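Dear colleague,

Please find the structure below, handed over for your files. A short account of what was found in it comes after.

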Amino acid sequence: MNFVAQVEEHLRDLGAEARKKHPGVKEASERAILQLRTLQNAYVTAVRKASQASSGGKHPTTALFQSQDLLRPFLLAANYPNASLQLLEISLKGMSLLIKGNAICPGDGIHMVRVWTIQANVCASTLSAEKKTASNISSSGASSSWFGLLSSSTPDVSSSSGQGL
């Protein structure tokens, strides 16, 4: 699958995932798809010019796709601290694809790092809360009494004579 098709697929997936909870992301994804098509036409024109030029014509790269409009929906989706894991996964994969394709504007790296920091802090606080909850459960002895109830209410299958099987 070519670069443009992959980016468009990620944008469509992002818009579909964000449809209800994050309408701004859906709208930004739709605008980015329109911008992607415009950039694709410019890329095709550049390829044609390069192939028609004398043997010294240089083939264009995906750097022609450097646009803040393509990155914006992915940044917007990852900027929500309460974003679903699916939304974050699509967003991070889309950003990774743009990085690999050299389609990130030079000044946008700082925005990506900021969003990744937000998500790292959210993950860290979630893990900390889960660890604290697990610690409280194990220290209260609730787990041992709960398992004690389970073992006393479970019928002893080993002593049955096998009748009824």
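The notes below go from the whole chain to two individual residues.

This is a predicted model, in which local features need pLDDT of at least 70 and side-chain atom pairs count only at pLDDT 80 or more, while totals for chains, interfaces and linings use all residues. Residues are numbered from 1 along each chain as its sequence is written, and side-chain values use heavy atoms, with hydrogens and water left out.

The protein chain holds 6 helices and 0 strands (DSSP runs numbered from the N terminus: H or I of at least four residues for helices, E of at least two for strands). Of its 165 residues, 28% count as buried (under 20% relative accessible area; exposed is over 50% and partly exposed lies in between, with a 1.4 Å probe and protein chains only). Among contacts (heavy atoms within 4.5 Å) between residues at least 6 apart in sequence, 69% join residues at least 24 apart.

Val4 belongs to helix H1 (residues 3-18) and is buried, at a relative accessible area of 10%. Beyond its neighbours within four places in sequence, Val4 is in contact with Leu36, Gln40 and Phe65. Leu36 is 32 residues from Val4 in sequence, yet their C-alpha atoms are 7.4 Å apart in space.

Asn102 lies in the loop between helix H4 (85-100) and helix H5 (109-140). Its relative accessibility is 43%, so Asn102 counts as partly exposed. Phi of Asn102 is near 55°, a positive value in a residue other than glycine. Most residues other than glycine have a negative phi.

Yours sincerely
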